[in-house]
Amino acid sequence: MPTTPSTAVRRRRIRLVIALAAVVVLVLLSAFVWPHWAVKGQGPNAGATATAGQSQGQSAKPSPRIAAVPLPENSSELLKAMPDAVSDFARTKAEAATDWGTRVPVEEYTLVYSTGQDGEEVTLHLAQWTKAADAKQAYDAFAAGMTGKELASGRVKAEGGATGVYVEREVAGDAKTAQALWQNDTVVFQAQGPKAALEAFYKAFPL
C-alpha cells in the first residue's frame, strides 16, 4: 500500500509521542528511583540544612566576657574545685575568710564572680566541715537568720541522690537583692547579689 503524505505525518507524530514518553519515563526514574535527588530531604545537603536549622534554634552556652582571676598559690583542693566561670560569670576574687569561724569549719573562703557589668556581681562564701552533720548544723543556723521573703527551696541532688538542702530568699528590706544558701554534703555555700544575677549564678553553679 503506497504511503500518502498524511500517513507519513501521522507516523512521525506517533514516533515523536513515543520518544517524548520515553524521555519522561527516564527522567522520573532518574529523579525518584536511583539518585533520589527529587525526594524531599534526601539531597546531599539535607542533613546539613537540618543541622543548621537546629543550631539556629538552640542558644549557645553563655561564656564570660572577662577573664577569671587565678587562684592563690598553694590553694587547697576545695578551693581548686571552685569553677573559674559559672555561665557568663568569671571569678574576680578568691581569698581565705573567717565569716563562719564560730562554727569551726576546716576551711573557709570568699569568692566574687562577675559578668563585668555593673550590677551583675555575686559574692560567694563557702566553708567545709569534716562531717555532713556538722555542715547541716551550720546550714540550719545560717538559714534561721535569713528573714526575707522565700523565693525557692528544696533538696540538693547529685548522682541521683540527695546530698543536702537549699533555700533562696530576698534580703530583708531589699527586694532587689537576694541570697541563696545550700549544703552539699560537708560543704555549705552562701551566695548574695542582685536578684536576677544571683538566680542565674546559683542555678548554674556546678557544686
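**The nonpolar cores**

Modeller: In this predicted model, the largest nonpolar core has 24 residues, of which M82, L111, L124, L126, W182 and F201 touch the most other members.

Colleague: Which element supplies the largest share of this core?

Modeller: Several elements each give at least two residues, among them strand 3 (107-114), strand 4 (121-128), strand 7 (174-184) and helix 5 (195-204). The largest share is 4 residues, and these come from helix 5.

Colleague: With which residues is F201 in contact, leaving aside its neighbours within four places in sequence?

Modeller: F201 is among the core members that touch the most others. Once neighbours within four places in sequence are left aside, the contacts of F201 are V86, F89, Y113, V122, L124 and A191.

Colleague: How many residues are in the second, separate core?

Modeller: This second core includes M146, V165, L181 and V188. Its total is 11 residues.

**Confidence and backbone**

Colleague: Over which residues does pLDDT stay under 50, with 14 contacts beyond four places in sequence?

Modeller: The mean pLDDT of the protein is 78, and 71% of its residues reach 70 or more. Residues 1-5 have pLDDT below 50, but that stretch has 2 contacts beyond near neighbours in sequence. The stretch with 14 such contacts is residues 19-58.

Colleague: Is D185 buried, partly exposed or exposed?

Modeller: D185 lies in the loop between strand 7 and strand 8, and its phi is positive, near 60°. Its relative accessible area is 42%, so D185 counts as partly exposed.

How values were computed
Residues numbered from 1 in each chain as written. Predicted model: local features only at pLDDT ≥ 70, side-chain atom pairs only at ≥ 80, totals over all residues. Heavy atoms only, no water. Core = buried A, V, L, I, M, F, W, Y, C linked by side-chain atoms within 4.5 Å. Buried < 20%, exposed > 50% of the residue type's maximum accessible area, 1.4 Å probe, protein only. Contact = heavy atoms within 4.5 Å. pLDDT = per-residue confidence, 0-100.
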